[in-house]
Amino acid sequence: MARDAIRFWRNGQPIEVSGFHPRTTLLDYLRLQERRVGTKEGCAEGDCGACTIALGRLKDGRVHYEPVNACILLLGQVDGAEVVTVEDLAKSGELHPVQSAMVAHHGSQCGFCTPGIVMSLFTLYHEAERPLGRDGINDALAGNLCRCTGYRPIVDAALEACSGKPDDLFAEANGATARGLAAMADGQDLVVGSEAHFFAAPASEASLAALYDQHPDATLVAGCTDVGLWITKGMAELEKIIWLGRVSGLDQIEDTADALTIGATATHAAAYSSLASIDPDLGELMRRFGSVQVRASGTVGGNIANGSPIGDLAPALIALGSKLELRKGESTRVIPLDTFFIAYRKQDRQPGEFVRRVTVPKLNSNEVFRAYKVSKRFDEDISAVMGAFKLRLDGRRIAEARIAFGGMAGIPKRAMETEKALTGISLDDPSSWGDAMAAIARDYQPLDDHRASAVYRATVARNLVFKALSETASGETGATRIIGRREALAAAE
Amino acid sequence: MNEHPKVPVASTSPSRGEVAPKAREGVGSSTSASVAPPPHPGSLARFDPPPQGEDGEFLRHIRKPLPHDSGPKHVQGVAQYIDDIREPEGTLHVAIGQSPKARGRLISLDVAAVRETPGVVAVLTLADIPGKNDVSPAFGDDPLFVDSEISFMGQAVFAVVATTRDIARRAVKKAVMEIVSETPSITVEDALDRGETVLPDYAYGRGDVEAVVAAAPHRLEGQFRIGGQEHFYLEGQVAFAIPGEDGDVQVYSSTQHPTEVQHVVARVLDIPDSYVTCETRRMGGGFGGKESQATQWAVTAALAARVTGRPCKIRLDRDDDFILTGKRHDFRCDWKVGFDGEGRIQGYGVDLLARCGYSADLSAGVVDRAMFHADNAYWMPAVQIASKRLKTNTVSNTAFRGFGGPQGMLAIEHVMDQIAWATGRDPLDVRYANFYREGENITPYGMEVEETDTLLSLVRTLEETSSYRERRKEIAAFNAASPIMKRGLSLTPVKFGISFTLTHMNQAGALVHVYQDGSVHLNHGGTEMGQGLYIKVAQVVAEEFGIAMERVRITATTTAKVPNTSPTAASSGSDLNGMAAKVAAGAIKKRMIAYAAEAFSVPEEQIEFRDDRVFIGNESIPFDELVKKCIFARVQMSEAGHYKTPKITWDRAKGTGRPFFYFAYGAACSEVIVDTLTGENRVLRTDILHDVGRSLNPAIDIGQIEGGFVQGMGWLTTEELVFGKEGHLLTHAPSTYKIPVASDVPADFRVALYPNSNREETIYRSKAVGEPPIMLANSVFCALADAVHALDPSKPVPLNAPATPEAILRACEAQRGRSMG
């Protein structure tokens, strides 16, 4: 028997909401239904962070707060969570520590981005590993645009407020809230709406498989960081939405000696440290992936299933030789990840079939991995070019190369010609690298768009081949990188 | 807080210490130019001015780093923006029907399907406009709805009014338009080919530049491109109109110019100005983008309210905001310069070719200001500044912080670098060689630069405090050893003229009421967009009355209280409104003094307002007590103050005069690192020394400087506007248009105020600060070029703005003798 209302925790008590349109966003619910207008809409596409709110979910028996963009989060996705908005922080006239620090450091000017920044800092206040440096705060704020202050006073406010142990009403209430959330977790399927239009959140893989088989025209939503834009920007008339976030076990991450298996609904935030443990470059890629808000909602499976030619994860996972498992009804199949992408926005996925998990092989001791994300802006930007290299070495020679790029074709695609040209070359003879650098021009006819011209992409791709080779040859990245130097990352470990 | 004595008492003696004035000795402090910036910003210590001003004033509120008055409200989400106003029952929502073509003629518009959509209450078209179909600020060339000529892609053709915003946004897509389209002009070159402009060309100068350049020992010429910039105020355009009786209307608009909104609503609705009230409590950012271009949305809401008789709101979606509203003008600058072996300019000529978009909007003033800043801080014996205001089939470009000044200034800074590359001299030395100095201090438009020593000593100070020379050497050593990563360094000056260049706009009004309980109602014509104008003006009023800040109630700007105002623009907000409020408060204070002198039989000069009390001879009484007495004695406790800037004259026809009351100065030194394989880059350190005269509020001013610098840095680096061939704006949201994020701010960022006093009589000798800091970011652009130059110092760097990674890589490849096409 499916539940027909979502339940979430709000201001210390459970709330039930039913009868909403499946497309309703959390932001519209807050502003138009609750009439709590502290949370702002700045862009309605999850890029500016003005609508940031905190979602509390159970993790190891405690409530764990993450910031999310309410503008592209569906209302139904808050089922089972605590919703905290900017109005909730100050109690009986007393500002929350992040709020008073923001005032004291002159962290607001026009004030419109401020509620979102306060909420990002609220989650940092609760979840940060301390001590925090400026870089850590910059990462925490990568998804919050401010056009007035130049950020310096905001970062100063964060340094002050987020330096100690969390000591606020939410920390105090953590146990009670955790019990409240636990009590709401009923493991039941959830369907709000009718056969014709619904928001459904199956609780098990079996329910999901059955429901999707029955409604192959439904839109599967994991984090909604892309589908959200179909709604707010594309005005898509989505009538049937199946949210995967409640499917038990689908977010599992299995870490074995030779591979990492990531369930489709594991968020980027959840998979971050496991991926980083494969290689620091993968960790750096995850650090720059979207923003904290996007990583808290978006999922590894969604980034793959979505099939975007500019998704950052696919090229890295293809280079690593990952395999994808799909399921339809009762049957599952496993394919090499690179074969999943057929053409622009066309994937090897049947009606009613869904991505189940991806298996990422770990690196052997004779394998080198390098990933480069090149974008107009370092943080929270879509790559112009994303290149990933796995090189198997035989001494100082390249025995085998596996390379994939994003942004260079209509799909994330392997550079077969370059792979071939690299095979057998010596790391000690840079004069022999030219063929491989030239080969990349045969692998791709890159896009020409507002992010970058085709010639820029081609030039960068060629130069990245050079960069990967020279870094592999020298074993150093200090002379070839502005950020994400592996030596610095290793030192920070 | 406020005292509320039940019984008025004739007088009370202050208890010892309670109101004892602070010792008046120790005037101390100095205006020495050798200020050392603190090692790191953020400390308030450096804001702490002496309580006693150098001019002998005993200041309680002025020069204090008070936080923004709305700070506590911002952080709790209770500061009200227009979309947050509780909607009255029956409120409707408006969406704009846009042209899908950039140029052509609208043959027919069929909105039947739109009207039939459930929830749609009205469709507004040309036929619904009672008055003039014109929302332009001056030139009559911005229609509310397309009549027949289509001028840019996205132009408003009609509007839908529906019960929800979602319904309205979906319904607009159902209209059918028949359009005969033509090839649009998109680029500067398109407009030059067609010879289309929005306003006549304009030029001035002195001497025969052609001859001087031709005869100069060294000559250079080139073409330099400067990109535009989207404002990206976090709060998009929004307006809310509530119809009243007799056809009048209350308009809440997120505008920098409530008066213009009022006038244009009246014009379009064909009602007197007096029937329209426009109110603006705060904007979620403006930056010039809501100076003239908030009007159209306010008018649309007002028209919808007129037609439906119901409250109507319009809030543009972010993408629509990008597509439908103008940006900073992009420019092509065709320049030539003649100079001597030291790099001293003998003649400079520049054609500033501005892409204005489809209409004039504010382009007259914007391009004039680009011309006024084409010299920046440099003496040019022979000079010719020419300009074209080119018409393209793109959205009409508009005001943006700096108002053209940044473009004119960046061009000459680029030329300074070109001269340095040609002569082999350090770019800073080339700049020094050209600074205005005694005897060489007349601008190309005939205004004397009176403060020639200020900028020179400011730059010398920054040169030292930033360790420019030492770092220059370190960077050269680094670059010699680093084939891929290259560092660059640049120190650039800013001289920015303060005043509206349309002389009549340099006026402001304020309204001050003092109520019987001693609370003060403050209103003025300036608007709050985050810049801290409200708190600064409140400080002025609290200072004037000698009362606690808490007594001053800051109220929303409204045309019903202060009429006929100028926009809050041109950095003029506190100069103009601060003075107007001081005039108003001063007049009330004067009447209170006259009353007290008579009532207490004390000479007027023995009456002083401070510490929330009034000192009358040897006695003192609480401020509110004297207020009560004044009201009882029938003294008028309300005043409208007015201020107009003195000294300014500008004869545009002759191209000469004094358009500016004074100049604000600053300089920045930035160091960058560039990856010459990808063009990626980072600002490593920036040192700023900036002149705000004697600051009204150092915390607010530092905020303007840091924020302006970062915004300018975005303009010159990652912010790139890309238009497609058919006129589509391809970068129309934060996913595609990249403004700086926290990690883009220099990790080492040192900002200090230059101790200076305004030589002109401005409000407490402060200087305007809104716009000048934008141009501090020129140092970032020039440092990037400097880094690329290290690849081959024998060649000039072909880098245009914005210096995106792609633009930088293109320049790197050229420097290496390769072409990236």
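**Notebook: domains, chains and a helix pair**

I started with chain B of this predicted model and looked up how far domain 1 of chain B sits from domain 3 of chain B: their C-alpha centres are 38 Å apart. The domain assignment puts domain 1 at 82-184 + 231-324 and domain 3 at 507-644, with domain 2 covering 330-501 + 652-815.

Next I checked the contact between domains 1 and 3 of chain B. Domain 1 gives 17 residues and domain 3 gives 14. On the domain 1 side, α6 (258-269) and β11 (276-280) of chain B each supply at least two residues. I sorted that side by class and got 3 nonpolar, 9 polar and 5 charged residues.

Then I turned to where the two chains touch. I found 72 residues from chain B and 64 from chain A in the contact. Several elements of chain B give two or more residues to its side, including α1 (71-76), β27 (662-675) and α19 (805-815). The largest share of that side comes from α17(B), with 7 residues. The chain B side splits into 32 nonpolar, 24 polar and 16 charged residues.

Last, a helix pair in chain A. I looked at α2 (residues 97-104) and α5 (residues 152-161) of chain A, which pack at an angle of about 140° with their axes 8 Å apart. That angle is why I noted α2(A) as oblique to α5(A). Their crossing is right-handed. A:Pro97, A:Val98, A:Ala101 and A:Met102 of α2(A) meet A:Ala157, A:Glu160 and A:Ala161 of α5(A). I counted 6 nonpolar, no polar and 1 charged among the residues of this contact.

Methods
Residues numbered from 1 in each chain as written. Chains lettered and ligands numbered in written order. Predicted model: local features only at pLDDT ≥ 70, side-chain atom pairs only at ≥ 80, totals over all residues. Domains from an automatic or database assignment. Contact = placed C-beta atoms within 7 Å. Helix = DSSP H or I, 4+ residues; strand = E, 2+ residues; numbered from the N terminus. Nonpolar A, V, L, I, M, F, W, Y, C, P; charged D, E, K, R; others polar. Axes fitted to C-alpha atoms, helices over the stretch in contact; angles between N-to-C directions. Parallel < 35°, antiparallel > 145°, perpendicular 65-115°, else oblique. Left-handed = near helix turned anticlockwise from the far one by under 90°.
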